[in-house]
Structures are given as structure tokens and as C-alpha cells.
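Take a look at the structure below.

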Amino acid sequence: MISFTVTAVVFGVVFLAELPDKTALAGLVLGTRYRASYVFAGVAAAFALHVVLAVAAGSVLTLLPQQVVHAVTGVLFLGGAAVLLRTKDEGDGDAEIRKPENQSFWKVAGAGFMLILVAEFGDLTQIMTANLAARYDDPISVGLGAVLALWAVAGLGIVGGKALMKRVPLRLITKIAAVLMLGLGVWSLWEAVAG
């Protein structure tokens with residue numbers, strides 16, 4: 001059974017944390033050069049793989065006593081908030097993206113897949129997804145919320161990222177994501193101590 005509350009919470013946290021990420025900007029650059037649907041197919045497949053790995057890792061954590069899980073996830077959330085608050089604006093990552101030789105589906109989707117697969121491995125949102133899977137002990141709801149958030153960010157980056165970044169400052173998005181992670185960290189630590 002899917003918990004819409006858990007899915008919505010995970011979606012909001014992961015969405016805000018991923019917006020200022022360099023991979024969202026890389027998706028934007030790929031989307032301006034190549035057919036958007038091809039880029040999205042590759043990027044979406046890579047994000048889905050990352051979510052499956054993160055949820056599996058988080059599900060292993062649920063085998064530990066609840067107080068230990070709350071303490072570990074609390075510390076990791078606080079660390080993630082600190083990373084977001086200390087992150088400086090990076091360039092658009094344009095230099096890292098190699099142009100495929102043609103516009104075929106497999107070459108463009110493959111380039112998007114490989115870029116995200118490598119860039120997101122061990123990334124903050126992947127670690128955050130593992131934490132949320134451990135916190136809620138609901139892998140399907142957490143996985144659904146995370147993958148939908150990552151796909152939404154990818155879609156925004158590929159199709160309409162330029163307009164969003166002009167209207168909403170990247171620093172504001174980063175600070176909102178950091179505050180949410182800080183709140184989740186404090187809440188998890190309180191539950192570890194109180195439980």
C-alpha cells in the first residue's frame with residue numbers, strides 16, 4: 001500500500017534538494033542541445049536506478065533498532081543541510097558534457113544516462129533517499145516520491161529550467177532545501193533520544 005503522505009514528503013524534500021544540483025543544470029544544457037524526449041529517457045532511467053539502490057540501502061538500515069536508525073538518519077540529514085548551506089554556485093557544467101556525434105535516440109539517451117549515472121552516484125539526494133527509506137520503513141512510497149521528484153527536476157531542467165532559474169534564485173531554493181533537511185535531522189534526533 002502506498003502512503004501518499006510519505007510520498008509527498010519525500011517528493012518535496014528530494015525535489016528541493018535536487019533543484020540546485022549540478023545535474024539539473026547538466027540536464028538543462030543537454031536539453032538545449034538535443035531532442036528533449038531523448039535526453040529525458042536517459043536521465044529518467046539513470047535516476048530510477050539510483051533510487052532503487054538508495055531505497056535498498058535504506059531498507060537495510062531498518063533492520064537496526066529504531067533509536068539507532070533515528071540517530072544515524074538525524075546526523076546524516078544535519079550533514080546534508082550543512083553541505084547545502086555551504087555549497088557555492090557552480091558553473092553550468094557545460095564543459096563536462098560531450099556532444100554525441102548525432103541525434104539518434106540511443107546516443108542522446110545514452111549520454112544523458114551516463115552523465116547522471118556517474119554524477120549522481122553517492123550524491124546528496126541519493127543519500128537522502130536512503131535516509132528517508134530508513135526513516136519511514138516504506139520503500140515503495142519513498143521510492144515513488146524520490147523518483148517522481150528527480151524526474152520532475154529533470155523535466156524542468158530539460159524543458160523549462162532557464163525560466164525557473166530566472167524567476168527563483170538558486171540560493172533561495174538551496175536554503176529552503178537545507179531548512180527542510182535541518183528540520184528532518186532535528187526531528188530524527190529528538191525521536192532517537194525520546195524513544
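A charge sits over a ring if NZ of Lys or CZ of Arg is within 6 Å of the ring centre and within 35 degrees of the ring normal. The charged end of Arg135 sits over the ring of Tyr136, 5.6 Å from its centre. The charged end of Arg135 also sits over the ring of Trp187, 4.2 Å from that ring's centre.

This is a predicted model: local features need pLDDT of at least 70, side-chain atom pairs count only at pLDDT 80 or more, and totals for chains, interfaces and linings use all residues. Residues are numbered from 1 along each chain as its sequence is written, and side-chain values use heavy atoms, with hydrogens and water left out.

Next come ring pairs. Rings of Phe, Tyr and Trp (its six-membered ring) pair if their centres lie within 6.5 Å; planes over 60 degrees apart count as edge-to-face. The count is 3 aromatic pairs.

Ring pairs link Tyr38, Phe105 and Trp106 into a cluster. Buried means under 20% relative accessible area, exposed over 50%, and partly exposed in between (1.4 Å probe, protein chains only). Tyr38 is buried at 19%. Phe105 is partly exposed at 31%. Trp106 is exposed at 71%.

Now the helix. Thr7 lies in helix H1 (residues 4–18); helices are DSSP runs (H or I, at least four residues), numbered from the N terminus. Thr7 is buried, at 9% relative accessibility. Other buried residues in H1 include Val6, Val10 and Phe15.

Conventions: Helix = DSSP H or I, 4+ residues; strand = E, 2+ residues; numbered from the N terminus. Phe/Tyr/Trp six-rings, centres within 6.5 Å; stacked < 30°, edge-to-face > 60°.
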